[in-house]
Amino acid sequence: MRVFTAVIAIAVGLMVLFGYFFAQFTDIQTLLLNWAIILAGVASLVGIFNLIAVHTDKVRRAEKGSVYSALLVIALVATFVFGLILRPQHQVMQVLLNGIILPVEATLMGLLTVTLLYAAIRLLRRHADVMSIFFIITAVLIFLGSATLPFGDVPLFGTLIRPWVSQIWALGGARGILIGVALGTLVTGLRVLFGIDRPYGGK
Amino acid sequence: MTSLIALGILTLTAILLLVISLVTRNSNPRFREIPALTRLIRTLGLSVEDGKRLHISLGHGSLLDERGGSAFAGLAALRIISEKTSVSDMPSVASAGDPALGLLTQDTIQAGYQAAGVEELYVPTTSRVTGLTPFSYVAGAMHIASNENVSTNIMIGHFGAEAGLLADISDRDYVTLIGASDNLAGQSVLYASTQDALIGEELFATGAYLGAGTSHSASLTVQDILRWLIIITLLGGVVFKLFARAL
């Protein structure tokens, strides 16, 4: 069974890859990618069932915070049922989305701002080294160059220093990091394609 | 022309990976020290001894786009971690923010238990999909980190700035955090919020440092070779442009 799954994965991976380079494989690549999208949709349902299973289990065992788990399951089932009956475009569903889901995400975003400010303040306690000092100086220079201040722009920061730091030093560093990430992604992808790494099929 | 270059790089990488894997299959690789990974290796042993669990967050990278690379690197690390911590009283918990990744997480943990010979100890609810958007995923992961007797949070995968929330909850609960992301915003947030963050391609070295096998250490050698080729090409381009301008 494991060999069978590996053969399917490798064959499909190679055909999709060849589709990027050879015109003869374009149609099969499109077909396989469409199948993958459908499977990803089905996986979403499986993921939701996993979420329900984990939280109902917590409620059943009366674990710490199980009230929140119960709330999650009720809200999830209610949204799912209402979504099926009313359709996502219905006014009630839009109210649910705009009145609950988006504000909750916005709140987390607001919380993140405070968290990041706190992390920046504590940075030198964690790493008292040259890299951290550069990190903070860069962040301060970018902020001074881009923030809207009550007394107007700080001379030279917005027009000269910020573009110099962000477009030359920071962009250069970012490209270096991204090249490293791209190489890692390429080699990891090839390991999966060759069946060396097989995070599927068990054993 | 671009696709020809891409095909050339791909073929070269594939050949290098296969050849180096074969040549180095019996050798003992030596790596430079990465503090975060040294801490991770130490944490694996300690978690079994002190009866606490590890929480491995694999991020919300989809397997259908370029973010899949970091997700697969996280799965490779998860495979080793689950095998090494399978005999613990408190099994490791893994969370994912993508449903397909969640399925592979289940399979990977189960494979780790099978490799350790204790498949009967595997609990399916130890791998979870905690949310389908970045913030809902992190909110679910935060709940695990603070309520399930976790000693270490290991974040390996695709995380954006929302990683700061998980880092903050770990800090408040005195939980060790080891973070790695393929996203620039995520990396900078993790650098500012954690003691040891993995920067750039260090994320992809996790498997090799944890002893995932020859192919993982060969991958590091291939990455080094390709990096030098890119450096030479960039420098060559600069020199060529200077001379072309002078002429």
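How many residues of chain A are in contact with chain B, and how many of chain B with chain A? In this predicted model, 48 residues of chain A are in contact with 56 residues of chain B.

**Where the chains meet**
- On the chain A side, α2, α4 and α6 each put in at least two residues that touch chain B.
- The top contributor there is α6(A), which brings 15 residues to the side of chain A that touches chain B.
- Sorted by class, that side of chain A has 29 nonpolar, 12 polar and seven charged residues.

**A helix crossing between the chains**
- Two packed helices are described by the angle between their axes and the distance between the axes.
- For helix α2 (residues 26-60) of chain A and helix α4 (residues 99-116) of chain B, the axes come within 7 Å and cross at roughly 65 degrees.
- The handedness of the α2(A) and α4(B) crossing is left-handed.
- From α2(A), the residues involved are A:A40, A:A43, A:S44, A:V46, A:G47 and A:N50, and they meet B:P99, B:A100, B:G102 and B:L103 in α4(B).

**A mostly covered helix, α7(B)**
- Helix α7 of chain B spans residues 184-193, and eight of its 10 residues are buried.
- The buried ones are B:G186, B:Q187, B:S188, B:V189, B:L190, B:Y191, B:A192 and B:S193.
- What do they pack against? In chain A, the partners of the buried α7(B) residues are α4 (91-126), α5 (130-146) and α6 (157-193); in chain B, they are α6 (163-172), β5 (176-181) and β6 (196-198).

**The largest nonpolar core**
- In soluble globular proteins, nonpolar side chains tend to be buried together.
- The largest nonpolar core here has 74 residues, and the members touching the most others are B:I56, B:L58, B:A77, B:L78, B:I156, B:A163 and B:L166.
- Helix α3 (residues 68-85) of chain B gives this core its largest share, nine residues.
- Chain A is in on this core as well, with at least three residues from each of domain 1 (1-78) and domain 3 (128-193).
- Zooming in on B:A77, and skipping its neighbours within four places in sequence, its contacts are B:I156, B:T206, B:G207 and B:L210.

**Domains of chain A**

- A:R87 isn't a glycine, yet its phi is positive, at about 80 degrees. This residue sits in the loop between α3 (66-86) and α4 of chain A, and A:R87 counts as exposed because it has 9 C-beta neighbours inside 10 Å.
- B:N149 also has a positive phi, near 55 degrees, in a residue other than glycine. Look for B:N149 in the loop between α5 (134-147) and β4 (150-158) of chain B. Buried or exposed? B:N149 counts as partly exposed, because 13 C-beta neighbours fall inside 10 Å.
- B:M1 lies in the segment before α1 (2-23) of chain B, and B:M1 is exposed because 5 other C-beta atoms are within 10 Å.
- B:M1 and B:I156 are 155 residues apart in sequence, with 35 Å between their C-alpha atoms.

Technical notes: Residues are numbered from 1 along each chain as its sequence is written. Chains are lettered from A and ligands numbered from 1 in the order in which they are written. This is a predicted model: local features need pLDDT of at least 70, side-chain atom pairs count only at pLDDT 80 or more; totals for chains, interfaces and linings use all residues. A residue is buried if 20 or more other C-beta atoms lie within 10 Å of its own, exposed if 12 or fewer, and partly exposed in between; C-beta atoms are placed from the backbone. Helices (H or I, at least four residues) and strands (E, at least two) are DSSP runs, numbered from the N terminus. Two residues are in contact if their C-beta atoms, placed from the backbone, lie within 7 Å. A nonpolar core is a set of buried Ala, Val, Leu, Ile, Met, Phe, Trp, Tyr and Cys residues joined through C-beta atoms within 7 Å. Domain bounds come from an automatic or database domain assignment. Axes are lines fitted to C-alpha atoms, for helices over the stretch in contact, and angles run from 0 to 180 degrees between N-to-C directions. A crossing is left-handed if the near helix is turned anticlockwise from the far one by less than a right angle, and right-handed if clockwise. Ala, Val, Leu, Ile, Met, Phe, Trp, Tyr, Cys and Pro count as nonpolar, Asp, Glu, Lys and Arg as charged, and the others, Gly among them, as polar.
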